[in-house]
There are 2 protein chains.
Amino acid sequence: MGGPEVERLIALLAKLPGMGPRSARRAALRMLAEPQTRMLPLAAALTDAARTVSACNTCGNLDTRNPCMVCADNARDRGLVCVVETVSDLWALERTHTHHGLYHVLGATLSALGGVTPADIDLSLLLRRLDGTVREIILALPATVDGAATTHWLAEKLAPSGIAVTRLAHGVPIGGSLDILDDGTLATALRARRPVE
Amino acid sequence: MGGPEVERLIALLAKLPGMGPRSARRAALRMLAEPQTRMLPLAAALTDAARTVSACNTCGNLDTRNPCMVCADNARDRGLVCVVETVSDLWALERTHTHHGLYHVLGATLSALGGVTPADIDLSLLLRRLDGTVREIILALPATVDGAATTHWLAEKLAPSGIAVTRLAHGVPIGGSLDILDDGTLATALRARRPVE
């Protein structure tokens, strides 16, 4: 219904996380009722963001600046690097206003089921950052089996550097992903971080 | 986080039906990871749809053609007009392949709480279509208090025309809206339509 342009719009909207065919159709119809005030501004925002946002060469954060606003902020503690799986997790931690150091976006965790092995995770960018300034690495990976495996693997890899390696305190619910946690729980877990046993 | 372009994109995505601030953030981050393959095609689809789609001057359906593909289809029964609240409801009925007549999108129902009175609903377009060809009007409004009130009000308004006025059969769950119903229930309700008592 509505012609090929509408079918195509619905198909693309349905691919967004949290959307399905039904909600995509509702969203498309809602927007089509107000094309000038709803559709064209969203189209412009998508184009602007695609044009201006890139991954930070240092930490992997997504930002309009490169280095990103976290890496470029001289008030931040350069001795403290927090390793996260995704940019979404980085933003979740930033919202707690609890971590005043830098970040490193790993982009993946090891996964036996997903077939992600140590060979698939590039640590060269992270290891290159351990130039003597860094005194602690906080592993803020998901509290899943895969996240825990990755935490222990990274702790082993980082041990030769002599840098303290910590992880988020237990308190993160098992099976939960960081970016859907309430900020209070996330802040508590960050403050109570402990050395990797 | 991410700069003003990202904040703006998240704010616009969060306004889509079914999305909130968290899912909008996830959607934005997912798309930002693949700007060329995910963001720019969606931006183009939005712009295309906004440019090409308009409301049908006859029935109010949204389509790239005007009159819309339903109104322009000479194989459809011009003696049967189905009145719906929204374009979304029209599309839901089309998916059942049960109605072979035309439609009329009312755009609203009466609502005591919402302050929608008979004066707020323009019937002139609908009344102008009752030129002697139309032999039955099916009122396919939501099975809510407001929908039922609107059904009875319309049946009264249409009575002087002498045209048969029917409504969808009971079977539509009370409180439910048409476009989230399964197609089977919707088709059954359409087939078992009855005169307005």
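**Exercise 1. The architecture of chain A**

What share of the contacts in chain A with a separation of 6 or more is made by residues 24 or more positions apart?

*Solution.* 

Step 1. The structure is a predicted model. In chain A, 56% of the contacts with a separation of 6 or more are between residues 24 or more positions apart.

Step 2. Chain A contains seven helices and seven strands. In sequence order, these elements give the pattern α-α-α-β-β-β-α-β-α-β-α-β-α-β.

Step 3. Along the principal axes, the C-alpha atoms of chain A occupy a box of roughly 65 × 40 × 35 Å.

Step 4. Chain A has 197 residues, and 51% of them are buried.

**Exercise 2. The interface of the two chains**

*Solution.* 

Step 1. Begin with the residues: 52 residues of chain A and 52 residues of chain B are in contact across the interface.

Step 2. Turn to the area. The two chains bury about 4900 Å² between them, and 74% of this area lies on carbon and sulfur atoms. On the side of chain B, the residues that lose the most area to chain A are B:Met1, B:Leu46 and B:Trp91, which together supply 15% of what that side buries.

Step 3. Assign the side of chain B to its elements. Those giving two or more residues are helix H1 (4-14), helix H2 (21-32), helix H3 (35-52), strand E2 (62-63) and helix H4 (87-95) of chain B. Of these, H3(B) gives the most, with 14 residues.

Step 4. Sort the residues by class. The side of chain B that touches chain A has 31 nonpolar, eight polar and 13 charged residues.

**Exercise 3. The cysteines**

How many disulfides does a search of the whole structure find?

*Solution.* 

Step 1. Recall the bond in question: a disulfide is a covalent bond between the sulfur atoms of two cysteines.

Step 2. The search covers all chains and finds zero disulfides.

Step 3. For A:Cys82, the nearest cysteine sulfur belongs to A:Cys59 and is 11 Å away. The cut-off for a disulfide is a sulfur pair within 2.5 Å, and A:Cys82 is in no disulfide. A:Cys82 has a relative accessible area of 0% and is therefore buried.

Step 4. For B:Cys56, the nearest cysteine sulfur is that of B:Cys71, 3.9 Å away, and B:Cys56 is likewise in no disulfide. B:Cys56 counts as buried because its relative accessibility is 4%.

**Exercise 4. Backbone geometry**

*Solution.* 

Step 1. In chain A, a cis peptide bond with omega of about 5 degrees joins A:Asn66 and A:Pro67. A:Pro67 lies in the loop between strand E2 (62-63) and strand E3 (77-84) of chain A.

Step 2. In chain B, B:Asn66 and B:Pro67 are joined by a cis peptide bond, with omega about 5 degrees. B:Pro67 is in the loop between E2 and strand E3 (77-84) of chain B.

Step 3. A:His97 is not a glycine, yet it has a positive phi of about 50 degrees. Its place is the loop between helix H4 (87-95) and E4 of chain A. With a relative accessible area of 64%, A:His97 is exposed.

Step 4. B:His97 has a positive phi near 50 degrees and lies in the loop between H4 and strand E4 (101-105) of chain B. B:His97 counts as exposed because its relative accessibility is 64%.

How values were computed
Residues numbered from 1 in each chain as written. Chains lettered and ligands numbered in written order. Predicted model: local features only at pLDDT ≥ 70, side-chain atom pairs only at ≥ 80, totals over all residues. Heavy atoms only, no water. Buried < 20%, exposed > 50% of the residue type's maximum accessible area, 1.4 Å probe, protein only. Contact = heavy atoms within 4.5 Å. Buried area = accessible area lost by both parts, 1.4 Å probe. Helix = DSSP H or I, 4+ residues; strand = E, 2+ residues; numbered from the N terminus. Nonpolar A, V, L, I, M, F, W, Y, C, P; charged D, E, K, R; others polar.
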